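Hi,

Here's the structure I promised to send over. Have a look, and my notes on a few of the helices follow below.

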Amino acid sequence: MPSSTPISATYRLQFNKDFTFQAATNLLDYLFDLGVTHIYASPIFRSRPGSAHGYDVIDPTRLNPEIGSEADFALFQEGLRKRGMGLVLDVVPNHMSASSENAWWMDVLENGPASAYASYFDIDWHPPSRNLDGKILLPVLGKPFGEVLEEQELKVVFVEGRLFVQYFESLFPLAPKSYARVMGRGIAKLKDTLGEDSPGYQEYSGIVAAMVSLTNPEPGWPSAIAERRPQFESLRERLQQAVAGNKDIQRFLGANLADFAGKRRQPSSFAYLERLLAEQFYVLTYWQNVNEEINYRRFFTITDLVGVRVEDPLVFDATHALVKRLAEQPVVDALRIDHIDGLRDPLAYLNRLKEQLTAPESKQVSIFVEKVLARTEQLPPDWPAAGTTGYEFLNAVNSFFVDPRGTRRIEDIYFGFIGKKPVYEDLLYQKKKLVMATLLGVEMRSLGHQLSLLADSDRYARDLSRGDLTQALVETTAFLPMYRTYVRNLELSSRDGGVIEQAILEAQDRKFYLKSANFDFVRDVLLLRNRPHLLPEQREARISFVMRWQQFTGPIMAKAFEDTFLYVYNPLISLNDVGGDPRPSAAVSADFPAFLKSRVRRWPDSLNATTTHDTKRSEDVRARINVLSEIPTDWKLHVDRWARLNAKHIRFVKGQRVPDRNDEIFLYQTLLGAWPLKNDNCAQFANRLQEYAIKATREAMVHTRWTVPNQSHEYGVKSFVASILKCGKKNAFLKDFAAFQERTAYYGMLNGLGQTLLKIVSPGIPDFYQGSELWDLRLVDPDNRQPVDFVKRQSMLENVREGSASDALSFSRELVNNWRDGQIKLYVIWKALTFRREHRALFDRGDFEPVDVVGTRKRNVAAFLRRYRSEQALIVVPRWLASTNHPAEENGFWGNTSIRLGGSRPKHWTNLLSGDEVKVHGKKYLYLSVASLFKNFPVALLTESSPAKPAP
């Protein structure tokens with residue numbers, strides 16, 4: 001069964017209760033007309049009620065009813081099929097929601113290690129803390145346990161035959177052994193009320209007796225949980241019926257539950273409830289204690305997302321049954337695998353998934369992995385994947401528009417503004433250490449404990465200090481230059497071995513005072529050196545440790561780099577994104593063609609992303625901020641002036657400047673990038689920036705944190721933002737800012753169009769985040785997850801198609817004149833995607849080559865050729881024009897600047913974006929005048945055309 005449609009362009013849709021399958025079905029005509037071939041869906045599996053994103057799955061075996069029924073999904077698929085479109089599904093194998101809506105999780109809380117689902121979740125049932133042996137720490141309380149208990153915020157409740165501890169909206173199941181304690185308490189009173197021989201008392205007392213027997217079996221009694229479970233469920237059904245059918249039993253049980261509630265200002269009255277809680281398979285604790293003892297693997301630092309042991313074939317089958325069924329549908333052509341680095345063995349997972357997807361006579365289903373690659377890192381060559389979700393493309397094409405002439409100056413301006421010159425490597429090292437000591441401290445202590453156990457069984461390492469061993473491991477992890485390695489057996493790849501060895505050497509150099517024997521042991525373990533004295537079980541234990549360590553290096557890097565470092569190192573924040581390098585001097589634009597050449601050779605079908613639901617700022621925000629690299633002198637002049645004008649709004653909190661200079665320059669860049677094209681609601685934009693500023697400062701973990709908010713500092717930040725954005729003629733800052741922002745917005749528009757065109761024509765699959773077909777000035781989530789006005793976009797596309805059909809040349813000029821409304825970006829996307837769809841072989845298999853530019857303005861133009869057999873397309877984009885202070889289409893600006901083509905190239909070209917017919921000139925070499933290319937439109941997509949026939 002062939003794929004319904006080769007993947008040529010994807011469009012990401014965020015499904016939730018406010019955007020359903022039906023809503024998506026209604027958009028298919030628009031997206032098809034735009035040129036999209038595949039809907040790239042956020043997770044559609046059943047997630048927590050009200051989930052805005054779908055990554056908190058509670059049941060992977062069912063579709064999410066909030067976004068539609070099976071019938072709704074079938075209609076959506078049929079709509080795709082009729083239009084020759086397809087679907088990319090987002091799969092979340094790493095984690096699930098740890099909430100009361102998750103039946104598997106609730107069963108584990110109820111039955112502990114004996115639960116049928118205990119092996120589904122990544123739980124350490126025997127952590128170093130003895131009071132957690134056989135239990136799960138749940139950091140869910142808003143206050144310390146004693147306060148919560150004595151303020152009567154914990155209650156025992158009876159719901160549909162089951163007993164729970166209730167904490168506001170959360171429910172935690174009581175263990176079966178606790179039922180008799182609650183139900184049987186004072187049962188003699190019920191006998192006196194109902195009579196010993198009454199059917200009601202006989203039924204109720206019989207249920208209690210049976211529960212005691214089941215949970216405290218005598219010798220010879222069936223003890224297997226699999227045998228007891230159906231019996232206990234039957235008793236709960238009987239209990240529900242008994243309580244519902246007899247008001248005396250209702251009152252009796254209600255009185256028993258009330259006994260556990262305790263009485264205010266009588267501490268001893270809470271002993272019953274405290275004793276009851278002590279016998280559960282979980283320990284409720286204050287949420288701020290999360291990093292002390294938590295004993296299940298989280299998704300990063302999110303405690304209500306619990307790691308899933310998908311490496312277990314049983315768990316894989318249970319969690320992927322619906323995935324398999326959906327992948328068999330004709331329109332499902334690819335899967336996107338979320339957080340692949342969180343898995344214990346990514347290669348084994350991908351192989352198992354690929355095997356599941358390649359049944360006889362099945363269609364080809366591609367796999368895209370969400371993998372963040374470091375600057376020089378490549379995807380492991382043995383992974384059976386089509387490619388990544390495109391962060392490496394995002395950073396490469398973004399850097400292409402950073403002017404290398406201004407990068408050093410940009411850095412100097414930043415260092416001068418903040419009054420210090422932080423060393424990049426040292427600052428990143430400090431942030432990793434901070435994350436490992438705080439947010440992921442419990443994970444590192446657990447790894448240190450496991451490393452100590454390995455040392456205990458090693459004759460040469462048993463005498464090493466446990467604290468020093470842990471410190472050596474922490475230091476090594478801090479110097480790991482990428483998210484993780486992929487060691488899975490004794491045969492390490494040269495890449496993994498080299499990366500780990502280098503990290504150890506750097507760590508040893510930094511902590512020279514630690515005994516070298518500690519680093520030697522860490523080296524032996526992480527590199528799996530097969531020492532002669534090691535027994536087979538010791539080698540296996542070390543492999544297990546390394547694979548566990550690898551699962552945590554990714555979250556450490558993500559929290560330290562993405563969520564902390566990228567908010568504190570701010571020379572040019574357009575570079576501060578997932579997988580990027582925030583040093584302007586490292587943004588070498590010439591790397592873009594080389595990057596694409598390498599990508600074509602290894603992963604030609606990777607996605608070309610420029611904005612995702614996880615990016616720190618959207619594509620056109622980055623495009624604007626990049627302009628600062630072209631005009632560093634003007635940037636310095638204005639940023640210094642703004643600081644002087646806004647000095648009166650600075651507050652001092654406990655001697656600290658609020659905001660500090662680093663946060664202030666971060667805010668100015670953010671304003672330049674996100675400033676609305678039509679700012680007719682100052683208050684609304686100020687509120688949006690205030691929310692963003694608080695998130696940014698908390699992520700930075702300098703003056704305030706998510707775990708311990710510094711309210712006075714945050715108030716000062718919000719006050720500063722409100723003050724500088726107060727609209728009115730008296731605001732001197734806004735007056736000066738508006739003029740400078742107007743300039744960066746225009747040249748940012750040129751960058752944005754060039755970036756968009758390159759995304760579509762470059763090797764790979766262009767990917768569009770919902771709403772980004774117009775100017776996208778959104779910031780990090782939740783700012784980028786607001787509803788999209790698709791009615792507006794549909795109307796604009798209809799206008800674009802009609803205008804282009806009537807008079808392409810005059811319409812293209814109209815778009816340029818009215819670039820602020822965003823139609824010009826929509827037009828470029830529509831024209832380029834349509835051309836790509838009509839010339840699929842050219843873009844799927846064609847070469848991608850840089851083309852020489854000559855003349856006085858050659859550094860301000862980039863040209864590329866796509867070629868496959870007799871088909872050719874030429875792409876030309878401007879860049880770095882802000883420094884010249886000239887628009888792309890200005891007469892006389894380009895002078896003799898030309899695109900130099902080989903002698904075998906076509907002599908007649910048509911610019912699909914303007915309708916212009918363009919002739920080449922020259923003999924030995926053929927040249928295209930850049931002035932003629934840009935006279936009516938600021939970017940060019942050219943294809944061969946037939947020469948015009950002479951007039952009769």
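**Helix packing notes**

The axes of helix 28 (residues 732–761) and helix 31 (residues 823–838) come within 10 Å, crossing at roughly 15°. Helix 28 is therefore roughly parallel to helix 31 (an angle under 35 degrees). Axes here are lines fitted to C-alpha atoms, for helices over the stretch in contact, with angles from 0 to 180 degrees between N-to-C directions. Helices are DSSP runs (H or I, at least four residues) and strands likewise (E, at least two), numbered from the N terminus.

Before going on: this is a predicted model, where local features need pLDDT of at least 70, side-chain atom pairs count only at pLDDT 80 or more, and totals for chains, interfaces and linings use all residues. Residues are numbered from 1 along each chain as its sequence is written, and side-chain values use heavy atoms, leaving out hydrogens and water.

Back to that pair: Leu753, Thr756, Leu757 and Ile760 of helix 28 are in contact (heavy atoms within 4.5 Å) with residues of helix 31, including Ile824, Val828 and Arg836.

Helix 1 (residues 21–34) and helix 29 (residues 790–806) have axes that come within 11 Å and cross at roughly 40°. The contact involves Tyr30 and Asp33 of helix 1, among others, and Arg793 and Leu797 of helix 29, among others.

Cheers

Key. Angles under 35 degrees count as roughly parallel, over 145 as roughly antiparallel, 65 to 115 as roughly perpendicular and the rest as oblique.
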